[in-house]
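I opened a notebook for this chain and went through it piece by piece. My entries follow in the order I made them.

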Amino acid sequence: MVNTTARRKTARKSTAKKQTPARTRTATQKNRQTENTEPLLREYFIDELKDIYWAEKKLVTSLPRLQKAAGSEELKDALGEHLDVTREHVARLEDIFGQLGEKAQAKKCEAMEGIIAETESVIEDTEQGTATRDVAVIMAAQKAEHYEIATYGGLRQLAATMGLQTIADLLNTTLEEEKEADETLTGIAENDINYQAAEENKEDGEEDTDEEEQEEEPEEDTDEDEEEEDAKK
Ligand SMILES: [Fe+2]
């Protein structure tokens with residue numbers, strides 16, 4: 001009994017030694033002390049503000065397109081409301097740039113450009129007036145929202161870390177509004193549109209059930225499966 005406990009203690013000790021690379025840690029700490037990271041962090045922060053400023057301005061021009069593509073009145077209203085809020089987000093960012101003594105400048109956001117391009121293609125691929133189109137519009141808008149939520153969440157934290165509390169609070173207001181818009185869209189999808197789209201597809205699918213069943217059959221795995229079975233033997 002005593003021997004086992006002693007052995008366990010020794011084992012723990014040796015594991016603890018392995019987990020502490022003392023030399024590496026000291027080197028990292030030295031680097032942290034010598035680097036003056038604050039100007040770099042501020043530069044990065046401003047760069048990210050420019051990115052989201054571009055994204056918000058892009059959304060001001062893209063949301064009316066989504067609103068037009070939507071069929072449900074509830075969805076159209078939600079997108080219209082978010083357009084108004086998005087205009088406020090642009091103005092809030094301009095205020096933040098002002099507080100930082102920087103000129104409000106937009107820097108192309110590749111991510112938002114990609115999301116908007118995808119939006120265009122889902123609109124093209126779905127039929128006007130169908131619930132499936134509305135499902136696609138909601139998903140497209142939510143992808144944009146989630147990008148914004150990630151960005152504002154990060155920026156708010158960064159502002160707080162840099163001691164810019166007023167700016168952190170402004171970013172937090174926008175973040176909460178983005179979350180609200182996202183939840184509204186989820187509500188519309190869950191309570192109504194997703195169900196309608198499922199029904200719509202059921203009706204369309206009734207005619208070609210046989211074809212779909214055929215498509216679902218596995219086609220190319222037979223040889224590999226036989227080989228696996230052979231190997232087991
Ligand atoms: Fe926004």
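Predicted model: local features only at pLDDT ≥ 70, side-chain atom pairs only at ≥ 80, totals over all residues.

Entry 1, burial. I call a residue buried if 20 or more other C-beta atoms lie within 10 Å of its own, exposed if 12 or fewer, and partly exposed in between, with C-beta atoms placed from the backbone. I looked up the share for the chain: 23% of its 233 residues count as buried.

Residues are numbered from 1 along each chain as its sequence is written.

I took helices (H or I, at least four residues) and strands (E, at least two) as DSSP runs, numbered from the N terminus. The chain has nine helices and zero strands.

I count two residues as in contact if their C-beta atoms, placed from the backbone, lie within 7 Å. Of the contacts in the chain with a separation of 6 or more, 76% join residues 24 or more positions apart.

I fitted axes to C-alpha atoms over the stretch in contact and took angles from 0 to 180 degrees between N-to-C directions. Helix 3 (residues 38-69) packs on helix 6 (residues 131-161) at about 160°, and their axes are 11 Å apart. Angles under 35 degrees count as roughly parallel, over 145 as roughly antiparallel, 65 to 115 as roughly perpendicular and the rest as oblique. Helix 3 and helix 6 are therefore roughly antiparallel. On the helix 3 side I listed F45, E48, L49 and I52 among the contact residues, and on the helix 6 side R133, V137 and A140 among them.

A55, K58, S62, L66 and A69 of helix 3 make the contact with M112, I116, T119 and I123 of helix 5.

How far does helix 4 reach from its first C-alpha to its last? I found 39 Å for the 27 residues of helix 4 (residues 73-99), close to the 39 Å expected; the expected span is 1.5 Å times one less than the number of residues. The buried residues of helix 4 are L75, A78, L79, H82, T86, H89, L93 and I96. Just after helix 4, G101 takes a positive phi of about 70°.
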